Amino acid sequence: MDKKFVTLTIDDQKVKVEKGTTILQAAKQAGIDIPTLCFLKEINEVGDCRMCIVEVEGRRGFATSCIQKVEEGMVVHTNTPNVMEARHTILDLIISNHAKDCLTCTRSGNCELQALATKFNISKIEFEGERAEHKVDDLSPSLVRDFNKCILCRRCVATCKNVQKIGAIDCINRGFDSCISTVGDLSLNDVNCTFCGQCIEACPTGALHEKETIDELWVKLKDPDAVVLVQTAPAVRVGLGEEFGMPIGTNVTKKMVTALKRLGFDKVFDTNTGADLTIMEEASEFVERFSENDNLPMLTSCCPAWIKFIESYYPELLPNLSSCKSPHQMFGAILKTYYAKKEEIDPEKIYTVSVMPCTAKKFERTRQEMKNKELLDVDNVITTRELARMIKQANIDFNKLEDSEFDDPMGEATGAGAIFGTTGGVMEAALRTAQDKLTGKDLEKIDFEQVRGGDGIKRATVNIAGKDVKIVVASGLANARTILDEIKSGKADYQFVEIMACPGGCVMGGGQPIKSSKTISDVDVRKLRADSLYSIDEKSTVRKSHESPVMKKLYEEFLEEPGSYRAHKLLHTHYNKRDKYKLDEKQN
Amino acid sequence: MKTLEELHKIREEKRNELDLRVNTKTDTREKHILVCHGTGCTSSKSPEILENFRKILKEKNIENVRVIKTGCFGLCAKGPIVIIRPEDTFYANVTPNDCEEIIQTHIIEGKNVERLLCKDIDGTKVSSLDELSFYKKQKRIALKNCGVINPENIDEYIAFDGYKALEKCLKELTPDDVIKTISESGLRGRGGAGFPTGKKWELTKASEGNQKYVVCNADEGDPGAFMDRSILEGDPHSVLEAMAIAAYCIGANKGYIYVRAEYPIAVKRLEIAINQARDYGILGKNIFGTNFDFDIEIRLGAGAFVCGEETALLESIEGRRGQPRVKPPYPAQAGLWGKPTLINNVETYANIAQIILNGAQWYSSIGTANSKGTKVFALGGNVNNIGLVEVPMGTTLREIVFDIGGGIPNGREFKAAQTGGPSGGCIPKEHLDTPIDYESLKEIGSMMGSGGLIVMDDTKCMVSLAKFYLEFTVSESCGKCTPCRIGTKRMLEVLQKICNGDGTELDIYKLEKLAANIQKSSICGLGQSAPNPVISTLKYFREEYREHVVAKTCRALECKAMAKITVNEEKCKGCGLCQKHCPVDAIRGEGRDKRVIDQDKCIKCGTCLTSCPFHAIG
Amino acid sequence: MCENKNCCCENNGKDAFLEELFSVYKPEKDNLIQMLNEIQEHYGYIPKNVQQELSEFLSIPLAEVYGVVTFYSRFSLEPQGKYKISVCLGTACYVKGSQKIMDRLTDRLKIGPGQTTKDGLFTIEETRCVGACGLAPVFTINNEVYGKATVQKLDQVLDELIQAENNN
């Protein structure tokens, strides 16, 4: 007998699967679908919702197929009348306590509960009853919590607590009064939430979504006096197409540019250019700090959720952060100064919009530091999903759009800028520039395979100009914690650290198209999107930021040199220790 | 630290000294006044009684009389209880003011205090405990020491063969021998489901792991059940001893007792017992000179019924919300912190030492074919002798309710008995003669549960009763899985609708459908058994449900919304008592007139019903 | 203003009790419920800032601490009244009419179970079986048991308490 494999019967089919497989996985391998709701591969495998129940011969009660492992000779039935009635009842009960406003819900069409209701052909609710009414929390600039749509699957809790090790939300109260909330039911704005938005990606329904800012954008787009400039982050172009039924990771850069123009934006720019600018500043900052052994390791600073995290949890390491603003903030500042002057536009009339794969960027743009002469660098941040929503609202047939190019003069970005959208990308882009600067040569070896791939933590040592540079790339805040603890305790002596809050980096950001639990189980979404970015990089004519003609011109005409007074004023920032919570003790 | 020899010596000396506690014929000039210090008696001032006795004895310079604090005697309805040994005189409902008289009359003059003697159901005064019908059919194994020894004195426990079983196990038996004995005794878990204890030990022993745990589930949560508390309060060492034996068998060195914080007396006595056992070297390193180490920690529950479920209990010990885990894996495979863990409840443990000392055959000779030994029930509700009773398995419900419990008070009729608390069901009149054991109870739609046994008379509405239990389940559901979280709530809503007089026949169908699906698909025992009270009342009292939804009446008049209270002209004697008690002057009539209830004014409070001496109102 | 003399709500740092508590217990996650029990005992409730101290001490996210506090009915988030009246709704008491006692109590004090009167005098609680089934129905006031309760008896006890408070 083969010890590594187990043979069992599922719905009269003999199935041979690896030992340790769950009944759910085994059924999938046999082509049998078992419905799930609370299941999220490797993140939430708890069996709470009970949708995945099956009958196992000889066992009392149902088995929880998402958790229970197969056993030799097991006989499983996934769709007996008993199972089906129980599933229907469970689904009925869940919907009976759900705010059924699907017509106006942001998740309509991409909701796992709605999909199951359709699949099970639910046409009426048999067990209607009291529904828990909850106030919607929309006080934060990034996230909205609407518990009226929550089905208590706890995927968000597991993500926040285990994947990100933040635990801003948890299950509170008990029984029918159970709900997912924060301490004291405070707004997410007043707790330790980093606004990374990973909870949204985990949510099967519309209980969690970004704070939408489309309405004010439409107003600006209609305003003839406003000059509405838009920039799009690298990860957006490899996610947007999914909202229009294209394969995961499809590069839709040129259709996206056309769509943005159709929506009425005056100019469409590429945040990759902002990323090039970030590299110019950050690489030179690193070279300086590395040479002088000052405040090492240097920590990257382009991820706003990560910034909020370190400000709250590791304020003692703030001096190690790079002082660079994030690419879109830098770019916003440049648009309202250099570009405005060049194009002779009154900066007051410019309305800068960033399309981001991120929810934390909505918060970032409101930070006190992110302005110049009282003018905000960025006036509006919308997510990839919101852009898709706008395109749909405008009744644009995205799939049929012709191609167009980003607008000059900030148009052509390097491949280094493109890979900013994936974990390891910032590090690789920075190393390309740093090694040239340190050696004074134009090096050809520019692919840093050590920092690519989906691992949460990637450690490497690279040799630059005869010196070993210890680098580490971490994505996901739990991994960030591991690295920071190593640094704090003196266990590690890194020189350069890249951290992204979202596991996998921006391609998996909290503002990206939401994939169902089933898709996540079957497909490596991160890889598909990241590969698409690497292929953009590969095809780029220029792949080092400091060789970008746009950069050269920008520094020549305006910024002088990296780290100059003007660069500092516009492109750099500072950080402050932040309280994790704003607890209100007034009630006492 | 005591050597085995020293322990043996304590046992021998103490046993002689305490012989009068169990032997009425003891030839001694000493007397022991035992004052019950269970929770019931404590709350009716038994500590004050104890103090008074001691004070008076001192004032009067009386020697040879000791006043002892004991655990529960069981007959809580008669508390506070004082028993004087060796003559075994039973004084009921004693107040602190009675102490003087007891000392003077009983101790000094050698006569019984007639007015305080306990009365049996038929009104006869009994002078000794054994004469009470309440005790006649009982057999005390788990409660053996309750009411006999001072639970705060380890020497008294040792005197009655305490820690002898542990010594036997460590010195003479292998773990397999012990497990074999437990298996052969037929002991099954007393916490509810009745899993064979020996089997559980065997499975936990067989699980691989260098760290294992023994846990005592003392989170007695069934409303109306208090046998575990009584054992912890009256004989805490019996639990510690059994846990040590279990640890020896499965290879654990650490134990936890998870006990409700609502049981402060039990917690205190456990703490005292653990400290005493440590002082004597019975807990700690190298117990009895062997290489067996074992220690116990107390963990307090914080008010969540679901923590009585074993995996929820483990979650709670680990410091989290008491949300059950999906099984398998069972705790025997992966329990506390993922390590193999043995969990038994208090009453189960309380049987262990007795089985080891008296043998598997002795134990298995008691009880029925598949349920061996005794079971402790907390008898409550509409029954005369409310209290704790321990009977052999197989005793009939009729014996418990009528012979031991003394029947139904106020001339009312027996309607049903509820066992198993919110997880159990109702047993109607026609099953009064069923011998009670795990299987028979299940067969008639109830379950053993932890041992609550609530008697209901004919003034109880069975739909309301089902609603009561569902209210309990809804407020105690942990909220983890859908069927229990939302399903029980929906069941409760349907029951509320029916009790409000708004139900339809479709609602009965809905109840049944919900019940069946919640039972099958919930994660843990709480959810799986939550529908039981509805299912069993529907089974035996379906007619009452139908009356509620079709005729819109509640025969027990408990469902106020549809109740119409009237006076039966034939029975009414015109005494006017109902009129006097009515809070809203809704009753008309003068002199010896038959009374009439003004339905417009009546608020259906039911005061007149209880005040009528002729049962003429209904 | 908080009337509770033990309350630490105006004190941002740790008071002597917390200092002591944090030195007795090791910073291990499984101590959470044990420590909360002691905090509840000491302050009569679990103040928010104490939850935060605990969260830091045990390295448990504050939302999880809050989740535990709101799960167990023994813990309360608000200070309790001077008189905590608990009505037993265990089966034995229920069968003997304890719901009537509860109804009367909520009616008179105009608050529901789990709530405290505005003057901070009374808190009503539902409890499950205090183990005095022989005395059913039972209510307790600050752990003193009142057995064989009736609405009249409750009224009388309440009147006495209110009278005594008015005289103070």
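How far apart do the C-alpha centres of domain 2 of chain B and domain 5 of chain B lie? In the predicted model, the separation of these two centres is 56 Å. Chain B as a whole is divided into domain 1 (19-136), domain 2 (154-363), domain 3 (374-457), domain 4 (462-551) and domain 5 (564-618), with bounds that come from an automatic or database domain assignment.

Because the model is predicted, local features need pLDDT of at least 70 and side-chain atom pairs count only at pLDDT 80 or more, whereas totals for chains, interfaces and linings use all residues. Residues are numbered from 1 along each chain as its sequence is written, and chains are lettered from A and ligands numbered from 1 in the order in which they are written.

Chains C and A meet through 15 residues from chain C and 17 residues from chain A, contact being assigned if the C-beta atoms of two residues, placed from the backbone, lie within 7 Å. On the side of chain C that touches chain A, α3 (48-58) and α4 (62-71) each supply at least two residues; helices (H or I, at least four residues) and strands (E, at least two) are DSSP runs, numbered from the N terminus. The most is given by α4(C), with 7 residues. By class, this side of chain C comprises 8 nonpolar residues (Ala, Val, Leu, Ile, Met, Phe, Trp, Tyr, Cys and Pro), 5 polar and 2 charged. Asp, Glu, Lys and Arg count as charged, and the others, Gly among them, as polar.

Chain A contains an open sheet of 4 strands in the order β12-β19-β18-β17, with mixed pairing, where two strands pair if DSSP finds at least two bridges between them. Its edge strands, β12 (298-299) and β17 (457-464), each pair on one side only. Strands β18 (residues 467-475) and β19 (residues 496-500) of chain A run parallel and are joined by 5 bridges. A:Val472 has A:Val497 in β19(A) as its bridge partner.
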